[in-house]
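These are my notebook entries on a model that I opened to look up its ligand surroundings and a chain contact.

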Amino acid sequence: MVIEDQNKDIEQLIRDLARKLLKEKEVDVILGYTKGTIPLTSLPIVIDKVEDVDKLIWNNLCYINLAKYLVPRIPTLMNEEGQKLKVGIVSKGCIGRALIHLSVEHQIDLENIKIIGIPCNGIINRKKIEDEIGEREIFEISVSGDNIIIKGEDLEQTLPFNEYLNDLCKTCQVKSPPSIENICVGECLENPVIEDDFSDMTEFDSKTPEEKWEYIKNLLDTCTRCYACREVCPMCYCNLCFVDQNQPVWFGKTTAYSDIFTFHLIRAMHMAGRCVGCGACSSVCPMGIDLNLINRSLEKIAKERFNFTSGIDPEALPPMMAFDMEDDQEFMMEED
Amino acid sequence: MTEAKKELEKVKKEIVVTGNEKPQVGVYVCDCGINIAGVVSVPDLVKYAETLPDVAVAREYKFFCSDTGQNIIKEDIQSGLINRVVVAACSPRMHEPTFRLVCKEAGLNQFLFEQANIREHSTWVHMKDPEGAFEAAKDLIKMSVAKARELKPLEVKTVSIEPACLIIGGGIAGMNSALDLATEGYKVYLVERTPTIGGHMAQLDKTFPTMDCSACILTPRMVDVARNENIELLTYSEVVEVTGYVGNFEATIMKKPHYVDQEACTGCGVCVDYCPVVTGNEFDLGLATRKAIYIPFPQAVPGKYTIDMDNCIKCGICAREDVCEPDAIRYDEEPEYMKVKVGTIIIATGWDLYDPTGLKQYGYGRYPNVIDGLQMERLLSSTGPLDGKPTRPSDLKAPHSIAFLQCVGSRNFREGGNQYCSRVCCMYATKQARQYKEKHPDADVYIFYMDVRAFGKGYEEFYESAGKNYGINYIRGRIAEVSEGEDHSIIIRAEDTLLQEPMELKVDMFVLSCGLESRSDAGEVASLVRVQRSSDGFFMEAHPKLRPVDTLTEGIFIAGVAQGPKDIPDSVAQAKGAASSAATLMAKGEVEMEPFFAVVRPDRCIGCGMCVENCTYGAIELIDDRHFGKIASINQALCKGCGACSGNCRCSAIDIFGFTGEQIFSIIMGGEL
Ligand SMILES: Cc1cc2nc3c(=O)[nH]c(=O)nc-3n(C[C@H](O)[C@H](O)[C@H](O)COP(=O)(O)OP(=O)(O)OC[C@H]3O[C@@H](n4cnc5c(N)ncnc54)[C@H](O)[C@@H]3O)c2cc1C
Ligand code: SF4
Ligand code: SF4
């Protein structure tokens, strides 16, 4: 099926389910996507009336991970009496994963939400498009057949859809949220089995430590420490992020490379076994930095070492949460 | 009030340091005789210390641990000159308590003290590089001062102690500890894995050097243990879980099913006559047989029967009315679990004999007439399979010649084996040789040794007389290999290292004097009760000289061979030592706990629960706080201050008192923040 037809079907699925849930009072509000105000974006939206259901959309620019709006740092959705609202949340696979992992970390109560599962057909990578188009302003972007059509001032360009997808989406094995009884409606995956060969990592992994260092340095060099990546990440919900702590000041606040690197290094450690691979961080980075590589590395280690993939099984203990004397310790190297 | 009394009151008054005032650090650099001053210039270290931030005074002295040295520090505290103390000297393991007490006595909170170890960590290791040592010492002092500036006063916690002791292992060591503690009025739970107490000593015939009969001195003690009201004897049981901490341990004990009702069984033993299954008897090390329903040996305590389900064929004969009159057989018995609360634990699990099968050159397991020392002990025993008339396994004839080989599996720095000396084998081989000679004066008995270690009271005399009065031939030399000659005799090829000649010898029987090893399951026991083991596998004492019966885990003690090879007198001495240490602790009624536990900063904690499962001690749970919502909460009594939670917390919401983020960070940065 061509992409635009898929999108129409998904959108229809979202609206039908949302209407049903609101009508039957299964939920108080629906959290979903609506059209963005500028091209290459979409916006999150909360609706509570059946009439508004048609504001909900689906396209390949719905890159925000909506689970973020349920984490404690964001004001809780409440009614006038101060009671928590029951939320129906439009969920592509990675939103489902985020919800499950957040429940493992005791941050949300799955009982209080309905997962509106949809079969995600991939998110367009804004950076790749911008690299292609350069400085020229884009007025409109749409999908037709298997192509992306970009219109702008003196500009009409057709790009093959598959090549401009997020790299993450190409390896994604959880396009719909993992199914949880009584919580999932719509299209959900029953007992997903992750068989990831991480072939996308082969090239990076074969580099020498020096080459990797160089690569990462080039990758992060332009970071301005705006923390957009942190702000959009569904797993970044600490009350006081380590970068903002001042007792002690763990590291400098500048954009000297050592400070940038320390920020990303520590953030990576905090993401280990937790990142759900939604790619929201890369999508929002104003400098177009793709943190995917770091996140995939973490996912690979968690999978290979602990046979763990975050956000799949609400019962499974993430590696950083478990204490096991039998864990491999082969990384303890003896000096020769 | 007299002037002197007033003075005293003044001194006694605690100097109030809230931690918010400007730190005034006193740095005391110790010469430690020539240990430190002989390698680096202490006056220069003092000068350096004076340049560090917030250092109010820095001083040198020969021995700060001496009375005079301590008084120097006290005076500085009392005169209000300083409110933080850094002693740059030896290891805090030696003198941290000393200097904490100095602070306390001078009225300063004892946790406002920090020790820089410039001896072990500098002048000793870098003895040959004085310049390097000086730089290292400077850094160590700088780090300690940096941390001292961040120190906050802490309060010691006290917890009450349950006046009961759990003893694991009912050998001669465990039994002695149990009897001592019970006599002092403490409740004792004596857990023994096998169906009887007694341990290895029950298997011995006579005991060196006095040659009294092992059973004769052991069995009365076994009966004492069984009779003592304060001892709850739990044979055929194992400890499966230990939680808690000094003073308040909780142990789960599994009572294995005997398949015979221990209350009902009268120990008449009729069942044994009827049981059709014959199998090897562990107690006689396979040299004799027993039935599937058995007691390990006639004097076993308690003298009740047990069915060995691995071999039982459930024929039902023993359950017949005419066989077991009291109707005690219970084929479907299940293990029972019980929980006990104790204040202290003594580990007395003893030893395993080194298995010489791997040493192919000695033919053990291949030639029938090669046996190990413990088997020889059973053969010599009047209650053993041969009624104390040793014969060769191959033909059951009394051997005319026997050779013993010493240090099998001990003092071995090459092929698999243990490096330590097992301490009992020279003596037990001598004992066994003498016993055999007593019975067969014409027999030729040889002992091949590296050197004879007869270190104990009466041991040298015992050994001397073995050669002189019993005609036992001691040959200094290692045996290269043995082979089997005609009629299963053993041909030994060795070198007599005194004569420096190769030699060949044919004997009827060959005994391997195997050494003692830590129990094969010592690792599991160690992790169960959370104590450490030394590199030889035995449980580790807190200090080899000064705290030989304590472990590094407070409230847990070790006794007998579980701690390292030793003979019966030493095992008993240590057992009594362990009992008295446990009693000393329990007599106090309460223990002070170092306040180095984890604390949650509720404003930072987000309640993700990452720490909960990570805490090996189960000290953390998530609670609903009125103000902060779901947050982690730490049971300080369970917390060991390991810091696993702190290191894993993304929000830095957990600090360890005494090792807070700020403190560690200031150490790393050396105060340059
Ligand atoms: C051949 C030979 C001859 C010897 N002759 C002499 C001699 O003549 N004189 C002398 O002084 N010394 C002699 N010794 C040394 C003597 O045997 C030891 O000193 C003595 O056995 C030490 O007693 P123990 O209580 O420490 O250990 P053990 O006797 O080994 O007792 C330990 C007990 O703990 C139990 N146990 C172990 N693990 C557990 C567990 N996990 N849970 C519950 N229970 C457990 C065991 O079943 C056992 O009953 C000889 C040694 C050998 C090998
Ligand atoms: S969004 Fe980009 S620029 Fe901003 S902090 Fe993250 S990586 Fe750096
Ligand atoms: S420091 Fe943390 S992990 Fe360690 S014992 Fe205490 S609570 Fe448990």
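Which backbone atom of B:Lys566 lies near which atom of ligand 1, and at what distance? I found that a backbone N or O atom of B:Lys566 lies 2.8 Å from an oxygen atom of ligand 1.

Before going on, I noted that this is a predicted model, in which local features need pLDDT of at least 70 and side-chain atom pairs count only at pLDDT 80 or more, while totals for chains, interfaces and linings use all residues. Residues are numbered from 1 along each chain as its sequence is written, chains are lettered from A and ligands numbered from 1 in the order in which they are written, and side-chain values use heavy atoms, with hydrogens and water left out.

**Ligand 1.** I then looked up the side chains, and a polar side-chain atom of B:Glu192 lies 2.6 Å from an oxygen atom of ligand 1, whereas an N or O atom in the side chain of B:Arg193 is 3.1 Å from a nitrogen atom of ligand 1. Taken alone, ligand 1 exposes 1,000 Å², of which the protein buries 98% (accessible areas by the Shrake-Rupley method with a 1.4 Å probe). I listed 38 residues around ligand 1, with B:Glu192, B:His200, B:Lys431, B:Lys566 and B:Ile568 coming nearest (a residue counts as near if one of its heavy atoms lies within 4 Å). The shell divides into 17 nonpolar, 12 polar and 9 charged residues, and among the elements that each supply at least two residues to it are helix 7 (172-183), helix 11 (425-439) and helix 14 (568-588) of chain B.

**Ligand 3.** Around ligand 3 I noted residues including B:Cys615, B:Cys639, B:Cys642 and B:Cys645, together with B:Lys640 and B:Tyr617. This shell divides into 9 nonpolar, 2 polar and 1 charged, where Cys and Tyr count as nonpolar and Gly as polar.

**Chain B against chain A.** The contact (heavy atoms within 4.5 Å) takes 21 residues from chain B and 22 residues from chain A. The two chains bury about 2,000 Å² between them, 57% of it on carbon and sulfur atoms (area lost on being put together, 1.4 Å probe, summed over both). On the chain B side, B:Arg604, B:Ile606 and B:Arg650 lose the most area to chain A, together 32% of what that side buries. I counted 1 salt bridge between the chains (a side-chain nitrogen of Lys or Arg within 4 Å of a carboxyl oxygen of Asp or Glu), and in a salt bridge the side chains of A:Glu105 and B:Arg650 meet at 3.7 Å, N to O.

Terms used: A polar contact is a pair of N or O atoms within 3.5 Å; within protein, one must be able to donate a hydrogen and the other to accept it, and residues adjacent in sequence count only if both atoms are side-chain atoms. Helices (H or I, at least four residues) and strands (E, at least two) are DSSP runs, numbered from the N terminus.
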